[in-house]
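Colleague: I have a new model open and would like to learn how to read it. Can we go through the packing inside and then the surface?

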Amino acid sequence: MDPEHLKAPRAAAIAGILFSVLLISGFLLLRNAIPADPLEAGVWLRARVGVVGLGLNAVPFAGIAFLWFMGVLRDRLGAQEDRFLATVFLGSGLLFLAMLFVSAAFLGGIVIAHTARYEQLVGSVAFSVARAVAYEAMNVYAIKMAAVFTIVTCTLALRTRFVARWIAFLGYAAALVLLFANRYVEWALLVFPLWVLLVSLHILVDGLRASRNAAARPSGR
């Protein structure tokens, strides 16, 4: 077996694990620091701005890992990739990242403005708009794109069998949760990185098993 063929799933698995760990960590930090109510006046800025900044710092690295995950999966599929599904796969993944970055950028803007003019910022119209945009971008648009990405990835998985069928069916269930979750379901976003983590761990274990089998198999002459 080609060594490069064995390296591709391992790279996808590592990238997916990094994405999941970073996004879950960032989300938990932000969720514990920022109240769920998008209309809250911003009192949290005075005491928890450091925690918010730490959570936001994880987002760009999670995005880089997710891009790597997508790229290696597409390389793994190769000639088996369907053009229609490939377009939706790529588009939904990039839109998910775009909405994730938009939400993080608005929160980052709030943090920067807070350091300069806290008294004028808290309770202002500008703060309310920025906070609402960050909330909507993450809890409505990013989640819906994550659902589409999950559906397409599961469909490709069933066609090409790069993961177990039960993981694909579990992904469909996760996608339904993401697709129809109300914006006020606070923990719905965690469904996506947890599913990516499951897929990545499966790919990693399967790749390591294939490497051991290839090493144990006597080479033909």
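Modeller: Start with Phe192. Contact means heavy atoms within 4.5 Å. Leaving aside neighbours within four places in sequence, Phe192 touches Phe19, Phe66, Phe96, Ala146, Phe149, Thr150 and Leu178. This is a predicted model: local features need pLDDT of at least 70, side-chain atom pairs count only at pLDDT 80 or more, and totals for chains, interfaces and linings use all residues. Residues are numbered from 1 along each chain as its sequence is written, and side-chain values use heavy atoms, with hydrogens and water left out.

Colleague: Which residues have the most contacts inside the largest nonpolar core?

Modeller: In soluble globular proteins, nonpolar side chains tend to be buried together. A nonpolar core is a set of buried Ala, Val, Leu, Ile, Met, Phe, Trp, Tyr and Cys residues joined through side-chain atoms within 4.5 Å. Buried is under 20% relative accessible area, exposed is over 50%, and partly exposed is in between (1.4 Å probe, protein chains only). Here the largest core has 60 residues, and Phe19, Val52, Phe66, Phe96, Ile110 and Phe192 have the most contacts inside it. Helix H5 gives the largest share, 13 residues.

Colleague: Is Asn139 buried or exposed?

Modeller: Asn139 counts as buried because its relative accessible area is 10%. Asn139 sits in helix H5; helices are DSSP runs (H or I, at least four residues), numbered from the N terminus.

Colleague: Where is Leu94?

Modeller: Leu94 is in helix H3, residues 83–116. Leu94 has 41% relative accessibility, so it counts as partly exposed.

How values were computed:
Helices (H or I, at least four residues) and strands (E, at least two) are DSSP runs, numbered from the N terminus.
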